[in-house]
Amino acid sequence: MNGLVSIIIPSYNGLPYLDEAINSALKQTYKNCEIIIIDDGSSDGTKSYIENNFKLKVRYYYQNNQGLASARNLGLKHAEGEFIQFLDSDDLLPPKKIENHCNFLNENKNIDVVYADCKTFVNNDKNRLYDWNRRHLYMNGNIFLKLIESSFLLPHMPLSKKNVLNSIGGYDTNLTSCIDYEFWLRVASVDTNFHFLDDDIYVLYRIRNNSLSSSSVEFAKNGLYSLKKFEKKIELLGTYEKKIYDKAVGNWIYKKGKCLHESGK
C-alpha cells in the first residue's frame, strides 16, 4: 500500500498565488495525499476563498499571525501522513513530483529524504525559467557539511519521512528568516540519509519583487545564528570539517558587513 503524503501549505496573505499552489498539489499523479492549509493570520480573505473553492479538497487551519516557522510546525502537528511535502503558497510542484519520490523511497528503505531539482521564475512569468544554480552542491548520503558550505534546499524540493522531521523538534520559531537553512542543517546533523533524484523533474520557485531579500542584515544574522548552533559538533569532527565551518562563518560575516555597508551603517 502506498503511504499517505501530507502536503503542508502555509500562507500569510498569499492570494492570488495560493490558488496555483493548491492546484499544483491537487494535480499530483500520486493520489494518496492530504493537503493541509495553514492560514497564518491572513487578512486578505483566505478563509472564505478556501471555503468557496477548496472546502472538500483540503484541510484548513487558522492561527493568529506567528510567522512561517510556527505555521509549518502547526502543519506538522496536524499531518497524518507517513511522508511530508512542504509547499509555500507562491511555489509550484510538477504533477509527477510526489509519485516519483514516493516510488523511490518505497524502493530504497534506507533513504530518509529524497529531493528534486529546482527552477526559478519571476513573479508570474513561467515562460522564462532559470536554473537554481545550486546543482553543483547536490549530493547523496550525509549532506551536513555540504549544507554548512552553502544552503541549497528549498522547502518544496524534498519529500521526507515524517518521523525523521519530528525527531529534530520542528522549525525554530525564534527565526523570521533563514528558517529553512537552519531546519535542514538540523535534519542533516543527525546523520539523515539524503538522495538527489535526477529524473528531469523540477519544482518551481517564484521570485517576487517584494519578497524578503536574501541580502538583508537580518538574514545574515540568522545565518550566523544557525551555524553557531553546530559549533560544538564541528569541534568534535576534525580539522577538515573545522575549515569548512570557519569559511562558512566568514562568508556570513562578510554578507552581514556588506549589507551594513550598503545601508550606510
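Lys229 is partly exposed, with a relative accessible area of 37%; the term covers values between the two limits, buried being under 20% relative accessible area and exposed over 50%, with a 1.4 Å probe and protein chains only. Before I continue, please note that this is a predicted model, in which local features need pLDDT of at least 70 and side-chain atom pairs count only at pLDDT 80 or more, while totals for chains, interfaces and linings use all residues. Residues are numbered from 1 along each chain as its sequence is written, and side-chain values use heavy atoms, with hydrogens and water left out.

Which residues form salt bridges with Lys229? One is Asp172, whose side chain meets that of Lys229 at 2.6 Å, N to O. A salt bridge here is a side-chain nitrogen of Lys or Arg within 4 Å of a carboxyl oxygen of Asp or Glu. Asp172 lies in the loop between helix H6 (162-166) and helix H7 (179-189), and Lys229 in the loop between helix H8 (217-228) and helix H9 (231-235), so the pair ties together parts that are 57 residues apart in sequence. Helices (H or I, at least four residues) and strands (E, at least two) are DSSP runs, numbered from the N terminus.

Glu182 also forms a salt bridge with Lys229, and the closest N and O atoms are again given as 2.6 Å apart. Since Glu182 belongs to helix H7 and Lys229 to the loop between H8 and H9, this pair ties together parts 47 residues apart in sequence.

Asp246 is partly exposed at 39% relative accessibility, and Lys242 is partly exposed at 30%. Returning to Lys229, salt bridges that share partners join Asp172, Glu182, Arg186 and Lys229 into one network. In the whole structure, the search finds 16 salt bridges.

Arg72 is buried, with a relative accessible area of 0%. What does its side chain meet through polar contacts? The side chain of Asp88 is joined to it by a polar contact of 2.9 Å, and the side chain of Asp180 makes another, also given as 2.9 Å. A polar contact is a pair of N or O atoms within 3.5 Å; within protein, one must be able to donate a hydrogen and the other to accept it, and residues adjacent in sequence count only if both atoms are side-chain atoms.

The largest nonpolar core has 76 residues, and those with the most contacts inside it are Ile9, Met157, Trp184, Phe194 and Leu227. Such a core is a set of buried Ala, Val, Leu, Ile, Met, Phe, Trp, Tyr and Cys residues joined through side-chain atoms within 4.5 Å. Helix H7 gives the most to this core, with seven residues. Leaving out residues up to four places away in sequence, Trp184 touches several residues, including Val113, Leu147 and Phe194; contact means heavy atoms within 4.5 Å.

Finally, an open sheet of three strands has the order E7-E6-E10, with mixed pairing. Two strands pair if DSSP finds at least two bridges between them. The edge strands, E7 (125-131) and E10 (202-207), each pair on one side only.
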